[in-house]
There are 2 protein chains.
Amino acid sequence: MKATLLTIGDELLIGQTVNTNASWLGDRLHGLGVEVQRVVMLADEQPAIMTALTQARAESELVVLSGGLGPTHDDLTREAVAAHFGVSLGEDAGTLARIQQRYAARKQPMPVANRKVAQVPEGFDVLPNPVGTAPGLWWSDGTQVVVLLPGVPSELRALIREAVEPRLRERGALRMVRQRVLRTAGIGESTLQELFGDLSAWLSQQLRLAYLPADGIIRLRLTALGDTEEALEARLDAFENHLRQRAGAYIYTRGEALLEEVVGEMLKERGLTIALAESCTGGLTTSRLTDIAGSSAYVRGGIIAYCNSVKREQLDVDPAVLKAEGAVSESVAAQMAHGVRHKLKADIGLAITGIAGPSGGTPDKPVGTVWIGYADSAGAHAIMRHFTPDRLLNKSLSATAALDLVRRQLLQGAT
Amino acid sequence: MKATLLTIGDELLIGQTVNTNASWLGDRLHGLGVEVQRVVMLADEQPAIMTALTQARAESELVVLSGGLGPTHDDLTREAVAAHFGVSLGEDAGTLARIQQRYAARKQPMPVANRKVAQVPEGFDVLPNPVGTAPGLWWSDGTQVVVLLPGVPSELRALIREAVEPRLRERGALRMVRQRVLRTAGIGESTLQELFGDLSAWLSQQLRLAYLPADGIIRLRLTALGDTEEALEARLDAFENHLRQRAGAYIYTRGEALLEEVVGEMLKERGLTIALAESCTGGLTTSRLTDIAGSSAYVRGGIIAYCNSVKREQLDVDPAVLKAEGAVSESVAAQMAHGVRHKLKADIGLAITGIAGPSGGTPDKPVGTVWIGYADSAGAHAIMRHFTPDRLLNKSLSATAALDLVRRQLLQGAT
């Protein structure tokens, strides 16, 4: 099935809005086996919309128009489509009632302009909008489909998932598709690929794997295509098992949970508390942990020891060791972790000390060198990582690596 | 001048890449007085590119094609354009030499495929790429312009600024335009508009003002259009002066500096150090301050007092006050600021304690209630803010408000 997308709105052409509807629809339709041939961004002008629709219908079996279905005078998509088909617009009683109900539920009167949203071109089906007022509109002659959707991203997405996809599926136009995400931490893309080894026996048009890396986390997106849900789930299960056999320790979750969420859950389950001593990350790691609602159950707090005197005075780092080995060293990281655990009376102490850059590097300890310390009742130790020349990226990668160290220690039974 | 943009690349159609080139170009050209009529996203296919180019040339005086100029076999824009014009491609010696130099400078051999990038359709001018290998290409017959640009955003932007705009300007096709950004902190959009009052005597097609808010910062973008640079700068100066008279204290910088940068500069100039006590922000404020390279000159560190015992034991908050007034209170915020200043031996102590949500609110102190404490040699005090129901937004707005409090204290001569 071939498709053309017409995305409508002056705001797209003057760059006020980035066209995320186009990329979302492209990704979604591609996954369903629909080939998007062309995407056009158009102004809110009736002749332009009519010309583009004629051209799109000449080249594609599926034409999706988005935007310009709102209540204001510059929303002209509905009118342009009616003119293209040579049909009139009529008020849909069901749609009007739904809109009136939405306002009544909020105890607000419906603005008169909103009646316009209930106008439907003759011959079009109404696709009720589960999250907004303007409904989707569907036309088909058996071989071609024309769909109108509101431009608000949440409404467009809900209508595609809940109304458009099921109708296309009924027509047998879509492949059955299931996706699954595995998230990894503490490993780079190329090393992960090496661990997986040759996947050619697994991968095909029916089973695909995408690597989506960001900030030290790699999202593995598994996509299975086929005939029945059961077969797809079974194929994804088998593939996930294979990937876990190869690199299970790096996979921290199935789904989209953040690392700080998963670490938080592990701490909560075990009834453990944590305290952090941060130098080069400047509080970022604790901030991430406390992004999670309910984190006060396990985060006691932290000490941001940005200068060495704070490391000595607040974290009891040995001045002689600090002088001899430097602030970015195994011993200091371990002592910081031990110190903050003791000071803040936590079960676990986590410490990060490194050279974020851009300056401060030496031949021995270049920018991007980071030591991460971990302390619990069994003692303290530290691991080293080498990251990048970029300051902000180093902060982010260090925070991720530190959280991942906690995860691994807890998996190994640390208490 | 009317324009059509053809953005080329399979990655756009399958949603792998969001088309930020289209929005950037739309914004830029709109500012220059060029009307973008249509943007088309196309696959890397020669017939599709040729059809779209024919249509674009029939409707616009300026056609910009981006993408598909790289060295790989699926980069076909150059070939499609040559076929459209019925001309042959020839190797441009200057371009080839520049590419070879780039590789030589990195002591790498030039991959053979890169020769392709030096191919130029007959009749096209080469626009040397200041930041990459593939040059821009320019064709004009006196009334119409066709420009080819690489799809890498940094390269496309540099070529537009440095090569395309000057050439269009020479043709008299562009309005003279100057933009200026003022950044505000500590004030909402509607309150700011009220302070500015009626601006209708100022604003026109020749002078525009856009409000661009994000995370407690509002960027005010002033745009002046006209004939000479001097006139434009004078108009912007006069308008900026007017805005500063109305709301000067809220404008923390001209340009794009972050609030943490400006506060850091102020501390450095005055030779002052700062320490932070963070509760609901969990380290975010200190992390922002330490995002700035060189911040170790003025950031001593912080104490993240996520639980009350850390507030008592590490920040010497009075347990009786903590019990009587609660952790989110004026007294506790001031005591935290005082405590961290003393403990970490800093000139300034800054504290944040609030209810980030989603739970923990009470009728007296709903979610979003935040106290910000400030301490220096003159004593300690605290201010209250009410933010939103959203946890992450509250963290971010609290950090911004705390940094802004430091800025205002320093402006008032605090030491």
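1. First, a term: a salt bridge here is a side-chain nitrogen of Lys or Arg within 4 Å of a carboxyl oxygen of Asp or Glu. Glu313(B) makes one with Lys345(A), with the closest N and O atoms 2.8 Å apart. It belongs to a count of four salt bridges between chain B and chain A, while the search over all chains finds 40.

2. Some ground rules. This is a predicted model, where local features need pLDDT of at least 70 and side-chain atom pairs count only at pLDDT 80 or more, but totals for chains, interfaces and linings use all residues. Side-chain values use heavy atoms, without hydrogens and water, residues are numbered from 1 along each chain as its sequence is written, and chains are lettered from A and ligands numbered from 1 in the order in which they are written.

3. Now the interface. Contact (heavy atoms within 4.5 Å) takes in 53 residues from chain B and 53 residues from chain A. The buried area is about 4,200 Å², with 54% from carbon and sulfur atoms; that is accessible area (1.4 Å probe) lost on putting the two parts together, summed over both.

4. How do the copies relate? A rotation of 180° with 0.3 Å of shift along its axis puts chain B on chain A at RMSD 0.4 Å, so the two are related as by a two-fold rotation axis.

5. Look at β14 next. Strand β14 (residues 299-305) of chain A pairs with β14(B) in the antiparallel sense over five bridges, and Ala305(A) sits opposite Gly301(B). Pairing requires at least two DSSP bridges; helices (H or I, at least four residues) and strands (E, at least two) are DSSP runs, numbered from the N terminus.

6. Within chain A, Glu240(A) and Arg244(A) form a salt bridge, closest N and O atoms 2.8 Å apart. They are four residues apart in helix α8 (residues 229-247), and therefore separated by about one helical turn.

7. Worth a look in the backbone: a cis peptide bond joins Gly357(A) and Pro358(A), omega about 5°. Pro358(A) lies in the loop between β15 (348-354) and β16 (369-376) of chain A. Chain B has a cis bond between Gly357(B) and Pro358(B), omega again about 5°.

Notes. Copies are superposed by least squares on the C-alpha atoms of residues with pLDDT of at least 70 in both.
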